[in-house]
Amino acid sequence: MNVRINQVALTFLPERALFLPGIKTLCIADWHLGKAAHFRKSGIPVPQPGISREFALIERLVETYDAGQVLFLGDLFHSVKNNDWHEFAGFVSNLPQIKFKLVKGNHDIIPARFFEELDIEAAVSFTWENRVIFTHEPLYDRTPEGLLNVAGHIHPGYSVRLKARQGVVLPCFHYSSPTLLLPAFGELTGFYRMERGAGQEVYCILGNEVILV
């Protein structure tokens, strides 16, 4: 779905990602790579997510939208460096034409030198001119005046009512000026159920579609 917020063109993707055509940037929030291994190490049996499929998905999005940059909005890795790091390093190496950046999240505890070795620029925030500030945790009323804050961290989901008193929680893009929250990209992230207050917009991901509810 193509929308315009604060005069910024945005493309909400059903793959739980955001594309900004003005700067040819693909944004991905809260991947939490290595989370399954972290749980298993703690004695919690969880299935391994389809990491290879996720890498292939990002490569397809980069090609489809002719992206020149991939911006991770924090919590790229869930914890310490593990085997998923090696797959990630190979993935980055296979896309030398793409600039990768990382907004550091609360789970990003891997030492900076490892990202530097992959030529990944890491910072607490990035700003696009006087239009957008990208952060991991939303700034809300601390957002600089006039800027749109694109953030992750919350893992927004929205409860949709179905027939027979049933319902489902769908991943969503949630906009409440000046904050746009992105859905979590990772499979093992869960949802935080969002409300839709006055003046707020909720864009749910339903299969291969993004719909305004």
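The model is predicted. Seven strands form an open sheet with mixed pairing. The largest nonpolar core has 33 residues, and a second, separate core has 25. The structure holds zero disulfides.

**The seven-stranded sheet**

- The strand order is β1-β2-β3-β4-β5-β6-β7.
- The edges are β1 (2-5) and β7 (121-123), and each of these strands pairs on one side only.
- On average, neighbouring strands of this sheet are turned by 25° against each other, direction ignored.
- Strands β5 (residues 69-72) and β6 (residues 99-103) run parallel and are joined by four bridges.
- Within that pairing, F72 has L102 in β6 as its bridge partner.
- Helix α2 (residues 51-64) lies across β2 (8-13), β3 (17-20), β4 (25-28) and β5.
- The helix α2 runs at about 150° to β4.

**Pairing around β11**

- Strand β11 (residues 156-161) pairs in the parallel sense with β14 (residues 192-193), over two bridges.
- In β14, R193 is the bridge partner of G157.
- Strand β11 is also joined to β12 (residues 167-176), by five bridges, and these two run antiparallel.
- In β12, G167 is the bridge partner of R161.

**The nonpolar cores**

- In soluble globular proteins, nonpolar side chains tend to be buried together.
- In the largest core, the residues with the most contacts inside it are L26, W31, F72, L76, W85, F88 and F100.
- Two or more residues each come from β3, β4, α2, β5, α3 (83-93), β6 and α4 (112-117).
- Helix α2 gives the largest share of this core, six residues.

**W31 and its contacts**

- W31 is among the residues with the most contacts inside the largest core.
- Leaving out residues up to four places away in sequence, W31 touches E54, F55, I58, F72, G74, D75, L76, F88, F185 and G186.
- Three of the residues it touches, F72, L76 and F88, are also listed with the most contacts inside the core.

**A29 in its loop**

- A29 sits in the loop between β4 and α1 (35-41).
- Is A29 buried or exposed? A29 counts as buried because its relative accessibility is 0%.
- Leaving out residues up to four places away in sequence, A29 touches L73, G74, G152, L182, P183, A184 and F185.
- A29 and A17 are 12 residues apart in sequence, and their C-alpha atoms are 7.5 Å apart in space.

**The cysteines C172 and C204**

- A disulfide is a covalent bond between the sulfur atoms of two cysteines.
- C172 is in no disulfide, and its nearest cysteine sulfur is that of C204, 5.2 Å away.
- The cut-off for a disulfide is a sulfur pair within 2.5 Å.
- C172 counts as buried because its relative accessibility is 0%.
- C204 is buried as well, with a relative accessible area of 0%.

How values were computed. Residues numbered from 1 in each chain as written. Predicted model: local features only at pLDDT ≥ 70, side-chain atom pairs only at ≥ 80, totals over all residues. Heavy atoms only, no water. Pairing = 2+ DSSP bridges. Axes fitted to C-alpha atoms, helices over the stretch in contact; angles between N-to-C directions. Contact = heavy atoms within 4.5 Å. Buried < 20%, exposed > 50% of the residue type's maximum accessible area, 1.4 Å probe, protein only. Core = buried A, V, L, I, M, F, W, Y, C linked by side-chain atoms within 4.5 Å.
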